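This briefing covers fold, core, helices, backbone geometry and ligand shell. The sequence and structure come first.

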Amino acid sequence: MGKDKLRRFAENETFPNLIQPLMTYPPLDHALKGKWHENFFHNQAPIVLELGCGRGEYTVNLAEKFPEKNFIGIDWKGARLWRGAKTGVENQIKNMAFLRIQIENIASFFGPDEVDEIWITFPDPHLRERDDQKRLTSHRFLNLYRQFLKPNGFVNLKTDSRFLYDFTLEVIQDQNLPIKIQTEHLYQSEYADDVLSIKTTYEKIWLKEGLNICYLKFSL
Ligand SMILES: C[S@@+](CC[C@H](N)C(=O)[O-])C[C@H]1O[C@@H](n2cnc3c(N)ncnc32)[C@H](O)[C@@H]1O
């Protein structure tokens, strides 16, 4: 492992806004499940998640834009989460946390109706057919999110992958879910406001390569 990664992992241990739970098998419910408002944020503001947040650009930007909400960025790569958590500490962003887990275990961390909205930003499309249940918008994952997302809470997907966009539309159709916004060309659409124009590390790479950005907003 590189020195830089080790330095980041050591610094991660000092960040009060980064939760790195020890996982057991089978996973046990975490002490914060159902208690994020009372025991972590100490307010009753809505909770918004970013799944596969990488360096946390969406989470940081949203937390700064919407101080009246709470944001939690989730990823399992500690060296990437370090960036978002460090920015949170440096800028004293109180309405933001990061959680280092595998999203497969997310139902051990959030209780019924605890979450108001979910963002999924540039997830791996997992192109191989046999990996379809690894896609973060597959039936398997939507059924997990349903366990803690409030009724009518939105899921937002931003992706460069037309394949994943079409796959997600099929899952939405199978589950008969209401779509609020769908566009295959976000930046040529009327929807590209200052929230949807926040750009993550991966989005910048795909835009440089000339790819369109697709966006879907739907409820579960
Ligand atoms: C392509 S990157 C996108 C990162 C960031 N959202 C961006 O747009 O720059 C996908 C991220 O999802 C994370 N990820 C993928 N599958 C995951 C899983 N099952 N549990 C937790 N994190 C996952 C990876 O670690 C990676 O950081």
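The model is predicted: local features need pLDDT of at least 70, side-chain atom pairs count only at pLDDT 80 or more, and totals for chains, interfaces and linings use all residues. Residues are numbered from 1 along each chain as its sequence is written. The protein has seven helices and eight strands, where helices (H or I, at least four residues) and strands (E, at least two) are DSSP runs numbered from the N terminus. Its radius of gyration is 17 Å, close to the 17 Å that the globule rule gives for 220 residues, so the protein is as compact as a globular protein of that length. That radius is taken over C-alpha atoms, and the rule is 2.2 Å times the number of residues to the power 0.38.

**Overall fold and core**

- The C-alpha trace spans about 40 × 40 × 35 Å along its principal axes.
- Of the 220 residues, 35% count as buried; the term requires 20 or more other C-beta atoms within 10 Å of the residue's own, while exposed means 12 or fewer and partly exposed lies in between, with C-beta atoms placed from the backbone.
- Among contacts with a separation of 6 or more, 77% come from residues 24 or more positions apart; a contact is a pair of C-beta atoms, placed from the backbone, within 7 Å.
- The largest nonpolar core holds 46 residues, of which Leu49, Leu51 and Ile118 touch the most other members.
- Such a core is a set of buried Ala, Val, Leu, Ile, Met, Phe, Trp, Tyr and Cys residues joined through C-beta atoms within 7 Å.
- Beyond its neighbours within four places in sequence, Ile118 contacts Leu49, Leu51, Tyr145, Leu149, Val155 and Asn156.

- H4 (residues 78–90) has 13 residues and reaches 18 Å from first C-alpha to last, close to the 18 Å expected at 1.5 Å a residue; the expected span is 1.5 Å times one less than the number of residues.
- Arg80, Leu81, Trp82, Gly84, Ala85 and Gly88 are buried in H4.
- These buried residues pack against helix H1 (3–12), S1, helix H3 (57–65), strand S3 (70–75) and S4.
- In H3, the buried residues are Glu57, Tyr58, Thr59, Val60, Leu62 and Ala63, and they pack against strand S2 (47–51), S3, H4, S4, S5 and H7.

**Backbone geometry**

- Most residues other than glycine have a negative phi, and most peptide bonds are trans.
- The Tyr25 to Pro26 peptide bond is cis, with omega near -5°; Pro26 lies in the loop between strand S1 (18–19) and helix H2 (36–41).
- Asp113, not a glycine, has a positive phi of about 60°.
- Asp113 sits in the loop between strand S4 (96–100) and strand S5 (115–121), and is partly exposed, with 13 other C-beta atoms within 10 Å.
- Asn176 has a positive phi near 55° and is found in the loop between helix H6 (162–174) and strand S7 (179–183).
- Asn176 counts as exposed, with 6 C-beta neighbours inside 10 Å.
- Gln92, which follows H4, has a positive phi near 50°.

**Ligand shell**

- There are 18 residues around the ligand, and Gly52, Gly54, Phe122, Thr200 and Tyr202 come nearest; a residue is near if its C-beta atom, placed from the backbone, lies within 6 Å.
- Helix H7 (residues 201–208) gives the most to this shell, with three residues.
- The shell has six nonpolar, six polar and six charged residues.
- Ala, Val, Leu, Ile, Met, Phe, Trp, Tyr, Cys and Pro count as nonpolar, Asp, Glu, Lys and Arg as charged, and the others, Gly among them, as polar.

Terms used. Two residues are in contact if their C-beta atoms, placed from the backbone, lie within 7 Å.
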